[in-house]
Amino acid sequence: MTAVRLELRRVYGAYPTGVTVVAALAGGRPVGIAASSFVPVSLDPPLVSVCVAHTSTTWPLLRGLPRIGISVLGAHQEEVGRRLGARGGDRFAGVDWRATVDGCVLIEGVAAWFECTIEQQVRSGDHDIVVFRVRDLDARPEVAPLVFHASGFRRLSQA
């Protein structure tokens, strides 16, 4: 990795983000990725987005599916974030999840979840910006979020 890219990663890492899991059933099994680039986009229509690296081998399995779930991980789900962020192995082994009738995969015990369809994909640099239309959603405000900052998982503390 070039010095410029290393510096970009370091400085980008100064911005804390939540941690999401983007997942659905493909061929009857759960497939998914961890994404810390989740952004609410619009209230009307209801849109959210994530950025997916062109090098992802999982996104090609997801992008053609009719519905995709997005789960916002809670502070107690660091291991889920690590497992879903891994490049190999069974990412869902030991993870509590459920599938909706439309094929969304949602992680249990999360701070929030969204059932979505893909609205558009925009190629941008080495990632695609994927905009999702929200079809259903819910949140549990009592669940503190998991935070990604400086290349590691963190928890929020009370002020």
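Student: Which residue forms a salt bridge with Arg140, and how far apart are the closest N and O atoms?

Tutor: Keep in mind that this is a predicted model. The partner of Arg140 is Glu142, with the closest N and O atoms 3.1 Å apart. A salt bridge needs a Lys or Arg side-chain nitrogen within 4 Å of an Asp or Glu carboxyl oxygen, so the label applies.

Student: Why is the contact of Arg83 and Glu79 called a salt bridge?

Tutor: The closest N and O atoms of Arg83 and Glu79 are 3.8 Å apart, and the limit is 4 Å, so the pair passes. Both sit in helix α3, and because they are 4 residues apart there, about one helical turn separates them. Arg83 is partly exposed at 28% relative accessibility, and Glu79 is partly exposed at 49%. Exposed requires over 50%, so Glu79 stays in the partly exposed class.

Student: How do you know that Arg133 and Glu119 tie together separate parts of the sequence?

Tutor: Their side chains meet in a salt bridge at 3.0 Å, N to O. Arg133 lies in strand β10 and Glu119 in strand β9 (residues 112–124), so the pair ties together parts that are 14 residues apart in sequence. Arg133 has a relative accessible area of 22%; buried means under 20%, so Arg133 is called partly exposed.

Student: What makes strand β2 mostly covered?

Tutor: Of the 7 residues in β2 (residues 20–26), 6 are buried. Buried means under 20% relative accessible area, so those 6 residues fall below that limit.

Student: How do you know that β2 and β3 pair?

Tutor: Pairing takes at least two bridges, and β2 and strand β3 (residues 29–35) have 7, in the antiparallel sense, so they qualify. Ala26 stands opposite Arg29 in β3. The hairpin has 2 residues between the strands, and Gly27 takes a positive phi near 65 degrees.

Student: Which strand is joined to β2 by 4 bridges?

Tutor: That's β6 (residues 68–72), and the two run antiparallel. Since at least two bridges are needed, 4 is enough to call β2 and β6 paired. Val21 stands opposite Ser71 in β6.

Student: Why do Val4, Leu8 and Tyr12 count as a nonpolar patch?

Tutor: Patch residues need over 30% relative accessible area and no salt bridge, and nonpolar side chains are joined within 5 Å. Val4 has 58%, so Val4 clears the area limit. Together the three have about 330 Å² of accessible area. Val4 is in helix α1 (residues 3–12).

Student: How much space lies in the largest pocket, and which residues are closest to its centre?

Tutor: About 1,800 Å³ lies in the largest pocket. Of its 42 lining residues, the closest to the centre are Arg9, Ser36, Ala53, His127 and Phe148. Elements that each supply at least two lining residues include α1, β3 and β10.

Definitions and conventions
Residues are numbered from 1 along each chain as its sequence is written. This is a predicted model: local features need pLDDT of at least 70, side-chain atom pairs count only at pLDDT 80 or more; totals for chains, interfaces and linings use all residues. Side-chain values use heavy atoms; hydrogens and water are left out. Patches are made of residues with over 30% relative accessible area and no salt bridge: like charges are joined within 9 Å, nonpolar side chains (Val, Leu, Ile, Met, Phe, Trp, Tyr) within 5 Å. Accessible areas come from the Shrake-Rupley method with a 1.4 Å probe; for residues, only the protein chains shown count as cover. Buried means under 20% relative accessible area, exposed over 50%, partly exposed in between (1.4 Å probe, protein chains only). On a 1 Å grid over the protein atoms alone, a cavity is a set of points where a 1.4 Å probe fits but cannot get out, and a pocket is an open set with protein on both sides within 12 Å along at least five of seven lines; lining residues have an atom within 4 Å of a point. Grid points are joined across faces, edges and corners, and a volume is the space filled by probe spheres set on the points.
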